[in-house]
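Me: I have a few labels to check against their cut-offs. Take me through them one at a time.

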Amino acid sequence: MTARMHAAELLAQPDRVIAQLFLPGEEWSAHHSRAAEIIARVMAIPDERADVLAAALTRDFGSRHPDIRGLFRDNADVVSSRLADPVDISDARRLVLGASFTSEYAVEGAALCNPSAVEHPDQTGLAPGQLRVAIALRSIGEGHRSSIEFAEAIIGPGLCWTFAERQLPLWRARIEEGDWSIVHFRAALEDEGIINEISHSVLQGLPERFTASEVEASVAALPSALSRRADSGRHIEALRDLTNSVYRAVFSPETALSQRVLTPVAAEERHGMEDARFVRFTDLAGATHYRGTYTAYDGRDIAPRLIVTQDLREFEIHRLTGDAAQDKGMALFPRPVGGRYLALSRTGGESISLAESGDGVIWDHVGNVHTPGEPWEIVQTGNCGPPLETPQGWVVLVHGVGPMRRYSLGALLLDLEDPTIVLGRTANPILQPFDERRDGYVPNVVYSCGGLIVDDVVWIPIGIADSRIGVCSIEVDELLAHLVP
């Protein structure tokens, strides 16, 4: 049994760029900035040359970024404290100044991989037998920093998958404060090991739900005997980093889905937002929205995080806590089971386990579901996205890592009412990285972060060698027929 490969492919595009603040010198040393010297050179440019340079910069980069003039002005404001009189400069010189502290970043300049597919919130304008799909992508740029991009595809009529052309320019989100509950904040403090007199005092000054601004007010009200201790600054900074790890990312209504990119914001994700696994979630009241998990990476440690959105335009981003939220690759079930939130997690970095939660953010370990056994998964195994519901049970797409670090795809079938019970599994892979699926940025890898079932066909978008996105499919009946007990 082998999954059917389709011709559709999505290739990395180096022209998908965002503009970001650039502070020369910070990449080598935290103790010296070259901003003053650069500002002096900009201020020395004759007025007529500044006018010409500003016009050329806005012309050359204006089509690559939304509101490039506004971005240049904002970045000029960041360094304006070094100006003798920040008001008394022309707009053209301000634009040149801002551009001198701006750089482009190709979000998928290094790799494009690990897609996750869900039903698109907009199903208008389709022919009979078609379904529009939203796909989250892991894009990797300079420094191996990961972001979350999006694409669209049309399934049907019949066994047909077509990727839609992705639009430009890319837009970054407007970042707003998120909110915490006291219960979850306390759990996160315990996870981080920063339960102490400072955190206790701050907690006492907070309402049941609160934002970072309210935490700052509570910090400001700390007794001086606490705030002036030798190690207080370190504890307060850790408290702030934790508080700010919750935020909202909001895109302009004028953006298309493929123009939106979620880039690292919180300290714990400064080196990447990896492997988003999205699911269209139905709550106990029957209402639907989208949930996704991803792995935040700060350069040393990882942290599973949660995305909640109604429309894939406004995203609430939160931390996950608990003993089951400590490893990579959490995948949420698409609905509560027995009144509980459930997720597939990972144990010991090599086995698939089940986690449960009463609120969707604090997760407890239930037990192992599947451990590596076959040669193609002898190194480790893990899920390839949220479980897919069928009358026969939960179909779980999985990956196995075998000799030569070769990633292959397989599947499990879990009991609908008790997903700790494995009803069946694939003894052999349904897809392996052979021939044209072998070479790329990371060779010998086929990987997915989530498929979906449409008209009794399992559609699986896959990352191929971390270099491009393809798609395969297999009939549900055929997959189930080849499972072994």
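**Labels and cut-offs**

Me: Why is Arg277 said to have no salt bridge?
Reply: This is a predicted model. Arg277 is buried, and the nearest side chain of opposite charge, Asp275, is 4.6 Å away. Arg277 is found in strand β15, residues 273–282.

Me: What makes the link between Arg277 and Tyr447 a polar contact?
Reply: Their side chains come to 2.8 Å. The cut-off is within 3.5 Å, so the pair counts as a polar contact.

Me: How do you know that the buried residues of α1 line one face of the helix?
Reply: In α1, residues 35–44, the buried residues include Ala35, Ile38, Ile39 and Val42. Seen down the helix axis, the buried residues of α1 fall within an arc of 100°, so they line one face. On the other side of α1, Arg41 and Ala44 are exposed. Exposed takes over 50% relative accessible area; buried takes under 20%.

Me: What covers the buried residues of α1?
Reply: The cover includes α4, residues 91–100.

Me: Why are β19 and β22 called edge strands?
Reply: Start with the order. The open sheet has 4 strands, β19-β20-β21-β22, with antiparallel pairing. β19 (331–332) and β22 (364–370) each have a single partner strand, so one side of each is left without a neighbour in the sheet.

Me: How do you know that β20 and β21 pair?
Reply: Count the bridges. Pairing needs at least two. Strand β20 (residues 341–347) and strand β21 (residues 351–357) are joined by 7, and they run antiparallel. Ser345 stands opposite Ser353 in β21.

Me: Which strands pair with β26, and how do you know?
Reply: Again, the threshold is at least two bridges. Strand β25 (residues 393–402) and β26 have 9, in the antiparallel sense. Within that pairing, Val395 has Leu413 of β26 as its bridge partner. Strand β27 (residues 422–425) is joined to β26 by 3 bridges, also antiparallel. There, Leu412 has Arg425 of β27 as its bridge partner. Both counts meet the threshold, so both pairings stand.

Me: What lies between the strands of the β25 and β26 hairpin?
Reply: There are 3 residues between them. Met404, in the turn, has a positive phi of about 65°.

Terms used: Residues numbered from 1 in each chain as written. Predicted model: local features only at pLDDT ≥ 70, side-chain atom pairs only at ≥ 80, totals over all residues. Heavy atoms only, no water. Helix = DSSP H or I, 4+ residues; strand = E, 2+ residues; numbered from the N terminus. Buried < 20%, exposed > 50% of the residue type's maximum accessible area, 1.4 Å probe, protein only. Lys, Arg positive; Asp, Glu negative; His and termini not counted. Salt bridge = Lys/Arg side-chain N within 4 Å of Asp/Glu carboxyl O. Polar contact = N/O pair within 3.5 Å; in protein donor to acceptor, adjacent residues only side chain to side chain. Arc of directions from axis to C-beta. Contact = heavy atoms within 4.5 Å.
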